[in-house]
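Have the viewer open as you read.

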Amino acid sequence: MKISKYIPALLVAALLTACDDTDIPVAAPREELPDVEDNISGDRYDYTATGKPERPFIHDYTASMMMKFYMAEPDRATATSRVYMTYGQALENIKAIDALTRGVHKIVYLVGWQFDGHDDRYPALNVFNEALKRESDATARDSYLWLRSEAKKYNTTVSIHMLVGDAYTNSPLWHEYIRNEFICRDASGMFVTNGVLMGYPMYWINLHNEWRKGYLQRRLDEITELADLVDAGTVHIDAFMGHESTYHDVTREMQETVIRKVFRYMRDKGIDVTSELYCYDRIDPMIGLQAAAWWNDIPATQRASLPRELAAGGVSGQLSGNVWSETGFLFGDNVQAEDIFHYDRGWNQFKRDFCTQTLPYLLYGQRTVESYDEAARRVTYSGDLVADAVAQTVKLGGVTVRDHNNLFMPAAWITDHREIIAFSESGYASRRWTLPAGWEGIAEVAARPITTEGPGEATVVPVVDGTVTLSLGRCEMISIQPL
């Protein structure tokens, strides 16, 4: 009896039982696609040899905010897109964020830009979500390009969030990927699924096979041109890890070889790849190839020994809410912002996260770790900066610049003038702060509230014996500059 290897195992068993003496028709043999020429290395990168990335990253992720905007998701009940943020609304948020963050460089990855929204119809990456466009534009791509251009005026780089390792049955590429053996299978030949996401079962792509036949390169080339990624210089590939395909004799190591090829392939184009994590579900954390992580899951002991540019990222922890708050306090986090806008948590939440996460992250980013005392839970940085997780303080030159969630911290990214950002999560009355080194000889400072519209009217505050006394409301931000 002749049985095609492409018939799932359970179906074969049923056919054998029902038709013991009958030949089963076999589909015409599929002609295998030829392998494509490949000169991209998939070797591991040894970052310990130089302490630097394999090649310099396009952006400095130690001096940048890295956020996502959750734009839309599929509404399976109505077969439409459920929109949370249009391109026009995204620009208004970018303007407000720039005002609050005093012009720091920001990177925003758009989630749900394609088809009907978040994680819809992968592996296809070639259709913009038309529900997000502005009325004045002919297409959603026009609105996307408009947003990217306008955002630059507000110190913001706009790019996209995408996945390359997932496949859905509603994708226009689904049948082609089945025919060409680009979907992972288990030992019995069944397709490997990770459950249901966005209303459809999600399957893992055999990246090894897809790359070998040139299809993955074709997808990356297509989205690079469609989304103008070379101009952005960065893209976020979420959940970028390899999964074995036992049926095809493809191991996780072989899949990770392709992941390293993708990092290098995109960097050849002038595009950094950031991803969801470094370590989780990976054999190789891709340090020195991956520009930054959304969840920085490098353990504290290792982060202490790594140069900042090799361990850049968002929030310290592992996936959905598993936050390592102490690690973040010591080494810095970076406000993610996605949930703030998606769940409408308001600007106070944004100010809190920016000041307690990104403000220290940017200050730490200019320095190197001189020592990490794991038992004392304390990190000493160059420039006499000490973060103490037990006392919940950060001191610069012996001067307190953070006490729990009250901060009086220099804006490290501002170089054309001296500026301190004062913030309090709960508020306080008549608290005295000592000015740090470099502020000697100043008799008065201007204190301006920082708002989504920009700095407010200045209040003159006298300097007494090198100190200023402030009163702040809950989640209030103040800009302090010398007069």
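## Salt bridges

A salt bridge here is a side-chain nitrogen of Lys or Arg within 4 Å of a carboxyl oxygen of Asp or Glu. By that rule the count comes to 31 salt bridges. One to look at is R264 with E54, where the closest N and O atoms sit 2.8 Å apart. R264 lies in helix α8 and E54 in the loop between α1 (9-18) and β1 (64-70), so this pair ties together parts that are 210 residues apart in sequence. Helices (H or I, at least four residues) and strands (E, at least two) are DSSP runs, numbered from the N terminus.

Some ground rules: this is a predicted model, where local features need pLDDT of at least 70, side-chain atom pairs count only at pLDDT 80 or more, and totals for chains, interfaces and linings use all residues. Residues are numbered from 1 along each chain as its sequence is written, and side-chain values use heavy atoms, with hydrogens and water left out.

## The largest cavity

Searching the whole structure turns up two cavities of 30 Å³ or more. A cavity is a set of points, on a 1 Å grid over the protein atoms alone, where a 1.4 Å probe fits but cannot get out; lining residues have an atom within 4 Å of a point. Points are joined across faces, edges and corners, and the volume is the space filled by probe spheres set on them.

The largest cavity holds about 90 Å³. Both partners of the R264 and E54 pair are in its lining, along with R55, F57, F263, R267, I271, D272, V273, G288 and L289. Helix α8 (252-268) and strand β10 (272-275) each supply at least two lining residues, and α8 gives the most, with three. By class, the lining has five nonpolar, one polar and five charged residues (Ala, Val, Leu, Ile, Met, Phe, Trp, Tyr, Cys and Pro count as nonpolar, Asp, Glu, Lys and Arg as charged, the others, Gly among them, as polar).

## The second cavity

The second largest cavity comes in at about 60 Å³. Its lining is made of R303, L306, P307, R308, A311, A312, F331 and Y361. That's six nonpolar residues, no polar ones and two charged.

## α8 against α6

Helix α8 also packs on α6 (residues 215-226), at an angle of about 35 degrees and with the axes 12 Å apart. Axes are lines fitted to C-alpha atoms over the stretch in contact, and angles run from 0 to 180 degrees between N-to-C directions. The contact (heavy atoms within 4.5 Å) involves L216, Q217, L220, D221 and T224 of α6 and V258, V262, Y265 and M266 of α8. Six of these residues are nonpolar, two polar and one charged.

Definitions and conventions: On a 1 Å grid over the protein atoms alone, a cavity is a set of points where a 1.4 Å probe fits but cannot get out, and a pocket is an open set with protein on both sides within 12 Å along at least five of seven lines; lining residues have an atom within 4 Å of a point.
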